[in-house]
Amino acid sequence: MTAPVPAAGEMATIVIPRAGAAEVNDPRSPILAGFLGSVFMAVGSIGVGWLAPVSELRRVPIFIWMRTEAIGVALAIVLVAVGGMLLVRSWLRLGQRVRVWGPEARKATLQAVAAWGLPMVISVPLFSRDVYAYIGQGRLMVEGFNPYENGISALSNYFQLGADRLWTEAPVPYGQLFLWIEQFVVWSTNVHPEASVMLFRLVALAGVVLCIIYVPKLAELHGVNPHRALWLTAANPLFLTNFIASVHNDALMIGLALAGLYYAATRRVVLGIVLVTLSIAVKPITVVFLPFIGLMWAGKNAGWPRKFLFWALAGGLSLAMLYALSLVNGFGFGWINGLSAPGSIFIWYAPVGLVGLVVASISNAFGLDGWTLAGWVFDAGKLLAVGIAAFQIFKGEHERLIRRLTLAFAAVVVLAPMIQSWYVVWLIPLFAVTGIRNDWQVKALYFIVSFFMIYAISDQLEVFPYLQTGDLGLALVLARFAAAITGLLFGLYLIFMDPQTKRLFRKTGEPVTERPVI
């Protein structure tokens, strides 16, 4: 595949600095501010981060005070909320400090990633307890269970592992590679929760490193500035918190997929398919990549018979590899059953989820079965996503294949009834490498990152139920409300009051001063 031509509005703008002027105007200030924000989050995680009930850390005095005393919990909530939003501001300010998106900008971005990510490496898991589900699934295999047939609830004292009870009986949606990782982690740590979390975090860091390596490479193929793409992706607070602080396996999934996409786009298609298949064997959603890789393999001027041949070859090679992996552990393709679980629930801020909620509420008011009708709305969203993905596969310019893949993948994410913040992070590197213009597009990204950071800050907090003063769960409600208000006020400050960052969100017809080059 030859290097694609940037779309209209994405051509590079060359900015030549004055003689002796730095490419980046003193990046130390935002990097240090972001480091402080990350430290705040790590300290706050002691009070409201997720711990397994059997964790020995629950007996450490500082953990006891920050998790069981009202003032300690309040301090933890404020630290996490302020720290998260301070990271958002630091990311925005770092971008504003760049005069020219050159090697110095890359260096500053990598320094920021290291400084902001390091405190998260040693934090208690924040915003999600999926990592404890990974531990439970690993223990299933160590004890001889098939995780595609048995939920974590099959284990004795499973609730002590710390997994969300919503998923303790759900089938595992992960592929064979990640099952091996889970099994190895639990076997090697003897189910020790903190040691297991740290090993899973190292796996996530491997995915982060892959993104750092291949995002600039893919951007260069598209005539997009690689240094700005790296800043948009890897220094992004949503990327860092979801992949490091929250310990999501999505980091490895998207890292492998980006690596495979790069090799497929540079005529090393078999290697690309192998890497994307390994990504599928972590989380199967990246199967969406295969048809587009088949088109890369077929070549620019391929006719339909050749396209179908190479679609079959790409799919067949990936399927054969997945089948071989399934023979090793004997679990087969049981993960297919697990794919239905995320699509069976909804959330209010997902467009399709919101429409379904409105339909259900109105229908119930008229005595109809509202949730059945909402289910039809959710199914319609999935069908529309499939239609958009199919359109991108069959129609479009060869030079824009990765952009077409990005739009297809975005349709699958955005038109689902359930959207998590880490689903959004799947899309950011793909849009970054194919071009995010410095107009409404990058402003939309700023708003999306700010929204999901505020939502994450207030969504999943571990607050002890005996702290409530009245009705059951009051403490959790108050904690989430306090976190949401803190994050929202900080976000409003960034958008409307901060003399530096408010310029990023305003509408203007004049050239902006941040000078991104794409």
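Biologist: What makes the crossing of α11 and α13 right-handed?

Modeller: A crossing is right-handed if the near helix is turned clockwise from the far one by less than a right angle, and left-handed if anticlockwise; the crossing of α11 and α13 is right-handed. This is a predicted model, in which local features need pLDDT of at least 70 and side-chain atom pairs count only at pLDDT 80 or more, while totals for chains, interfaces and linings use all residues. Residues are numbered from 1 along each chain as its sequence is written, and side-chain values use heavy atoms, with hydrogens and water left out.

Biologist: Why are α11 and α13 called oblique to each other?

Modeller: Helix α11 (residues 269-280) and helix α13 (residues 304-329) pack at about 50°, with their axes 10 Å apart. Angles run from 0 to 180 degrees between N-to-C directions, along lines fitted to C-alpha atoms over the stretch in contact. Under 35 degrees counts as roughly parallel, over 145 as roughly antiparallel, 65 to 115 as roughly perpendicular and the rest as oblique, and α11 and α13 are therefore oblique to each other.

Biologist: Why are α12 and α13 also given that name?

Modeller: The axes of helix α12 (residues 289-298) and α13 come within 8 Å and cross at roughly 125°, and α12 and α13 are therefore oblique to each other. Here α12 passes α13 in a right-handed crossing.

Biologist: Why is the pair of F184 and W187 called tilted?

Modeller: Rings of Phe, Tyr and Trp (its six-membered ring) pair if their centres lie within 6.5 Å, with planes under 30 degrees apart counted as stacked, over 60 as edge-to-face and the rest as tilted. The ring centres of F184 and W187 are 6.1 Å apart and their planes lie at 40°, so the pair is tilted. Being 3 residues apart in helix α6 (residues 176-189), F184 and W187 are separated by about one helical turn.

Biologist: What makes 24 residues of the lining of the second largest pocket nonpolar?

Modeller: Ala, Val, Leu, Ile, Met, Phe, Trp, Tyr, Cys and Pro count as nonpolar, Asp, Glu, Lys and Arg as charged, and the others, Gly among them, as polar; the lining divides into 24 nonpolar, 2 polar and 4 charged residues.

Methods:
Helices (H or I, at least four residues) and strands (E, at least two) are DSSP runs, numbered from the N terminus.
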